Every structure is written in structure tokens, then in C-alpha cells.
Amino acid sequence: MASGFSDEKNGAGKRPSSVHLNNPHLDSLKEDILYHFNLGTGSQDLPAMFGDVKFVCVGGSAWRMKAFIQYIAGELGLGDPKAEYPNICAGTDRYSMYKVGPVLSISHGMGIPSIAIMLHELIKLLYHANCTDVTILRIGTSGGIGLKPGTVVVTKQSMDACFQPKYEQVILGKTVVRSTDLDEGLAEELHQCGAEMDEFETVIGNTMCTLDFYEGQARLDGAFCSYTEEDKQNYLAEAYSAGVRNIEMESSVFAAMCKLSCLRAAVVCVTLLDRLKGDQLTSSHDVLNNFQQRPQILVGHFIKKQLKASQKSCDDFKIIAT
Ligand code: URA
């Protein structure tokens with residue numbers, strides 16, 4: 001079986017998940033414990049809790065992902081935006097998870113290792129819950145290259161720090177290279193949403209994914225720096241020539257893992273500053289807060305539009321508060 005998990009464990013008689021797993025060892029597990037979510041197939045009825053999920057939004061900060069669920073609840077008319085939504089992962093402080101109707105909102109922390117662990121468990125969760133036709137969106141912040149701060153970048157392709165569209169992982173001491181292709185049609189649709197809303201600038205461009213915020217992103221203000229301002233500017237100019245318009249720290253593994261599991265995926269990040277002009281985040285808290293809401297607003301518009309197009313009434317989705 002392609003999933004590597006038996007039909008019996010997938011829930012007899014249910015439509016199988018369209019999310020792909022590829023791990024034959026899962027078949028020998030009596031139950032699958034999603035440790036960092038504080039969830040498991042033995043202790044919870046995952047199809048009942050999550051089976052109706054159609055949109056998963058992930059972002060670095062727990063606070064932001066809680067704000068997102070409140071925002072989307074209001075936008076979809078599914079609940080009071082001021083209501084307190086329970087953290088489904090209560091009992092662990094690793095990740096936070098919130099749900100309203102068909103939308104799941106999860107924090108992933110900072111950097112590739114943190115989001116990768118979250119994604120392993122999320123992909124298994126969607127599979128065990130028999131979820132189908134799921135779209136997953138990373139909403140985040142980034143440093144822009146040659147863009148006005150506050151511009152929203154929809155990622156065309158995620159690139160590594162050498163401007164290659166790949167994600168490399170060492171497995172059993174050997175480097176495995178995975179593609180970072182994202183769904184081009186989805187990126188176009190999101191870009192189109194930005195144009196329709198016309199509330200802030202939205203562009204499509206490549207996103208460079210690095211292993212670090214400071215030296216990895218050619219900053220001059222870390223604890224260590226062995227290059228000059230000119231070196232930095234040359235590197236960023238090279239990135240720009242490769243189509244890179246923003247820099248963040250999660251998109252490559254996000255794209256690679258979503259592709260492996262056949263999830264339709266997109267990355268939508270706001271730029272907090274123009275890296276050609278500086279390294280430090282000098283904008284006021286209020287300005288940065290406003291910028292951080294932009295990917296949420298864009299994705300909210302997209303989800304509303306999708307639900308309308310599928311003629312699915314929001315009333316069809318029950319709110320599950322665990
Ligand atoms: N996130 C990053 O990774 N880099 C920035 O410059 C801003 C946000």
C-alpha cells in the first residue's frame with residue numbers, strides 16, 4: 001500500500017485520505033503517537049476531530065496562529081472573532097493548534113528543523129483523519145530584496161542559499177536532495193487575490209530559504225561577521241538576479257515535504273524590511289504588526305473565495321472545540 005499504513009487503521013469504509021505517506025514501518029505500530037502535538041490514533045478519534053479540514057495554515061508564532069483562527073472565524077462567519085479558541089495541542093508547549101470549521105491553524109516555530117518535525121506529524125494527522133483535497137499555506141514574515149517593506153511575496157520557487165531549487169537533508173549519513181516545487185496554479189490564484197483586494201502590494205517571486213537569520217542571510221549585525229558591506233550587496237544582487245525577492249527560513253522543507261505528501265501548497269510572506277537598505281528591524285511595533293496581518297488577510301480572502309466557488313456553505317462545517 002502506497003501509504004504504508006493498513007486500511008484497518010485508516011478506518012474501514014471511509015474514503016481514504018488523499019494525503020500520501022510513504023513509510024512501511026507505520027504498519028507495525030499499534031497506535032501512532034503524534035508526540036509534539038500531544039495527540040495520537042489510540043487516544044483520540046482523529047477522523048471525527050479533523051476529517052473536515054480543507055485548509056491548513058501554518059506560521060512561525062503561536063500568538064500569530066491564534067490571531068489567525070480568530071480572524072478567519074470572523075471572516076467565514078463561523079464564530080466570534082473575540083472568542084477564545086482552545087489550543088488543541090494543550091499539554092505540550094512545542095506547537096499550538098486551533099481549528100474553526102474547515103480551517104486548521106498551527107504554529108511551527110523558527111527554522112527548518114522545527115517546521116520539519118511539525119510537518120511529519122501534521123501529514124500523518126491529516127492521513128489518519130482521512131482528510132481529502134487539503135490546501136496548505138505557510139503565512140510568515142521575511143526580509144525583502146528591492147521591495148517596499150510591507151510587500152507580500154507569494155513564492156514561485158523556494159531556493160537554497162546557492163539559489164538552487166532544492167532541499168538537502170542528510171539521512172543515514174547520505175545527502176538526499178528533494179525538489180522544492182510548489183503548486184504554480186495556487187501561487188497564481190493567491191497573486192490574483194492580492195490584485196483583487198488591492199489593499200497592499202502583492203508580488204510573485206522566488207524565496208531564498210536559509211539556515212540562519214544573521215550570517216546565513218548576509219546580515220552585518222550578528223555576533224560574528226567575516227565579510228564586508230560590498231560582499232553583502234554583491235550576494236543580494238546575485239540573489240535578485242536569480243529571481244529571489246524575499247528571504248526566510250522554512251519554505252524549502254515545507255515545499256519538499258508537501259510535494260512528497262501530495263499536498264497543494266503555497267508560501268505567502270510579508271517583507272518586514274528591504275535588505276538592500278539595512279539589516280535591523282527599525283519599524284515601530286504597530287507598523288510591523290500591521291505588516292504581519294497582510295498574509296492572513298490575503299489567505300483569508302483566498303479561503304473565502306474557494307469556499308464560495310465550491311458552493312460549500314460555511315454552515316456545512318461544524319466547529320470542533322476540543
Ligand atoms: N524573517 C527572516 O528570516 N528574515 C528577515 O529578514 C525577516 C524575517
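Author: Helix H4 (112-128), strand S8 (166-171) and helix H7 (251-260) each contribute at least two residues to the lining of the largest pocket. Helices (H or I, at least four residues) and strands (E, at least two) are DSSP runs, numbered from the N terminus. A pocket is an open set of points on a 1 Å grid over the protein atoms alone, where a 1.4 Å probe fits and protein lies on both sides within 12 Å along at least five of seven lines; lining residues have an atom within 4 Å of a point. The model is a predicted one, in which local features need pLDDT of at least 70 and side-chain atom pairs count only at pLDDT 80 or more, while totals for chains, interfaces and linings use all residues. Residues are numbered from 1 along each chain as its sequence is written, and side-chain values use heavy atoms, with hydrogens and water left out.

The largest pocket holds about 490 Å³ of space, a volume being the space filled by probe spheres set on the grid points, which are joined across faces, edges and corners. Its lining has 20 residues, and Asn 22, His 120, Arg 178, Met 257 and Leu 260 are the closest to its centre. With five residues, H4 gives the most to this lining. The lining of the largest pocket comprises 12 nonpolar, six polar and two charged residues; Ala, Val, Leu, Ile, Met, Phe, Trp, Tyr, Cys and Pro count as nonpolar, Asp, Glu, Lys and Arg as charged, and the others, Gly among them, as polar.

The second largest pocket holds about 380 Å³. Among its 22 lining residues, Arg 64, Met 110, Thr 141, Phe 213 and Leu 272 lie nearest its centre. Two or more lining residues come from each of S6, strand S11 (244-248) and strand S12 (264-274), and S6 gives the most, with five. By class, seven residues of this lining are nonpolar, 10 are polar and five are charged.

The record also bears on this second pocket. In an unreviewed entry, UniProt places the feature "binding site" at Arg 94, Arg 138, Ile 139, Gly 140 and Thr 141. From this set, Arg 138, Gly 140 and Thr 141 belong to the lining of the second largest pocket. UniProt positions follow the numbering used here, feature names are shortened, and annotations may be inferred rather than shown by experiment.

Arg 138 is in strand S6 (residues 135-144). Because its relative accessible area is 2%, Arg 138 is buried (under 20%; exposed is over 50%, partly exposed in between, with a 1.4 Å probe and protein chains only). The side chains of Arg 138 and Glu 250 make a polar contact at 3.0 Å, meaning a pair of N or O atoms within 3.5 Å; within protein, one must be able to donate a hydrogen and the other to accept it, and residues adjacent in sequence count only if both atoms are side-chain atoms. Thr 141 is also found in S6, but it counts as partly exposed, at 22% relative accessibility.

Gln 217 lies in the loop between strand S10 (202-209) and helix H6 (229-241), and Arg 219 lies in the loop between S10 and H6. Gln 217 is buried because its relative accessibility is 3%. A polar atom of its side chain lies 3.4 Å from the backbone oxygen of Asp 212. Arg 219 is buried at 2%, and a polar atom of its side chain lies 2.9 Å from the backbone oxygen of Phe 213.
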